[in-house]
Structure formats: structure tokens, C-alpha cells
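Visitor: Please take me through one part of this model in close detail. Pick a strand and follow what surrounds it.

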Amino acid sequence: MRIERLGPSHQVGGFSCGVKALDDWLKHHALENQDRNLSRTFVLVDDADSVVGYYALSMGGVSRADLPRRLGRGLPAYEIGMVLLARLAIVETRHGDGLGRDLLVDAIVQAAAAGEHAAAKFIAVDPIDESARTFYRHFGFMDITDDESGRMFLRIDEALASIEEAAADD
């Protein structure tokens, strides 16, 4: 398996993760958004060249007031750079194989690289449902109390440290 930036040669028409909104976005919007510099999409491709997963990233900012108290403490009052993990999905037939974790790790590494060039301190995610929220909590993403949007945050440096720690344990 390999992770590649989405291109016109990738066949995404048969992709089905079980969430129509995620399937439709990949099929109908991912490449166009990439061409328009609105997001970058990365696909997980198996040995048969089938797309079995994807994630999309974009850059943004977040104010200290919109962060969990622990993450916002000591930060300036203006917007702080962040990378938004806009989408992450795995085909239904591969749920439970650990591929979501693999894509999340790659997304964090990509976010860290972007943060080196554009000063992003956080990675944020907008979970599509409670199952996704549980998945992201497992990897350290924090909810914001009383936030109706449901956005979750994780410091990029903390995420990288967790990845390095997990790699050392293997």
C-alpha cells in the first residue's frame, strides 16, 4: 500500500466508505478543490491500484477563544495557524484493518510539514458523526466545551511526539 496525492488517474468512482457525504465529496469535489487550491487530498492505494482510503487537508486559523482552555493558555489573542483535516475515510470492506490510523498518522506528518512552512500549531477536525468523534478522541484530539460546531483540536507537536513514542514501542 502507498499514499499518493490525488490525481486524475486515480479511480475513485467505486469508492464507498458507508457515509454518502464522504463518498460524494471524493468523487465529485476532491480533484476540483485541489485544482483550485482549496484543499489537498491524499489517497491510500492498494497493490491492485484501488483507492481504499483518503484524507484531505486545508490551512486555516483559530483564535485562542475557540480552543480548549488547555491548548489556548498563553497564546496571543490573534488567530493561530492550523491545519484542518477536512475529511478522512476508508472503504467499508477495510474498516477495522487499522488503515484509518495509518491515514491519520500520515495526515499529522503532512500537517507538521505544512506547519514548518506556514506556522501551523494545531491540527483540527470536524467529525462527521459520534463514531468519528470517538476515533479522534482515541488519538488525543480534544473537544471544545459548549462548541456547537463540534470541532476538535490537537497540538501538532504533541501528535508527532505520540507517533514517535508509538514507533519506539514497536
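Guide: Buried here means under 20% relative accessible area. By that cut-off, strand β4, residues 80-90, is mostly covered, with nine of its eleven residues buried. Keep in mind that the model is predicted.

Start with the partners of β4. On one side is strand β3, residues 51-62. β3 and β4 run antiparallel and are joined by ten bridges. Within that pairing, Ala 56 stands opposite Arg 87 of β4. The other partner is strand β5, residues 120-125. Here the pairing is parallel, over five bridges. Leu 84 has Ala 124 of β5 as its bridge partner. From β4 the chain passes through α4 to reach β5, a β-α-β crossover that is right-handed.

Now widen the view to the sheet. It is open, has seven strands and mixed pairing, and its order is β1-β2-β3-β4-β5-β7-β6. β1 (2-5) and β6 (142-143) are at the edges with a single partner strand each, so one side of each has no neighbour in the sheet. Further along, strand β2, residues 40-45, runs antiparallel to β3, with six bridges between them. Ala 56 turns up again: in β3 it is the bridge partner of Thr 41.

Next, the helices against the sheet. α4 packs on it and touches β1, β2, β3, β4 and β5. The direction of α4 makes about 35° with that of β3. The helix has 20 residues; at 1.5 Å a residue it should span 28 Å, and because its end C-alpha atoms are 28 Å apart, the two agree. Its buried residues include Leu 103, Leu 104, Ala 107, Ile 108 and Ala 111. Just after α4, Ala 119 has a positive phi of about 55°. Helix α5, residues 130-138, lies across β4, β5, β6 and β7 (152-155), and runs at about 15° to β7.

Finally, the core. The largest nonpolar core has 41 residues. Leu 85 and Ile 123 are among those with the most contacts inside it, as are Phe 15, Tyr 54 and Phe 141. Helix α4, residues 99-118, gives the largest share of this core, seven residues. Another core, of eleven residues, lies apart from it and includes Leu 67, Leu 71, Leu 75 and Ile 144. Ile 123 shows how the pieces meet. Beyond its neighbours within four places in sequence, Ile 123 is in contact with residues including Val 83, Leu 85, Ala 107, Ile 108, Ala 111 and Phe 141. Met 152, Phe 153, Leu 154 and Ile 156 are also among the contacts of Ile 123.

Terms used. Residues numbered from 1 in each chain as written. Predicted model: local features only at pLDDT ≥ 70, side-chain atom pairs only at ≥ 80, totals over all residues. Heavy atoms only, no water. Core = buried A, V, L, I, M, F, W, Y, C linked by side-chain atoms within 4.5 Å. Buried < 20%, exposed > 50% of the residue type's maximum accessible area, 1.4 Å probe, protein only. Helix = DSSP H or I, 4+ residues; strand = E, 2+ residues; numbered from the N terminus. Contact = heavy atoms within 4.5 Å. Expected span 1.5 Å × (residues − 1). Pairing = 2+ DSSP bridges. Right-handed = clockwise from strand over helix to strand, strands pointing away. Axes fitted to C-alpha atoms, helices over the stretch in contact; angles between N-to-C directions.
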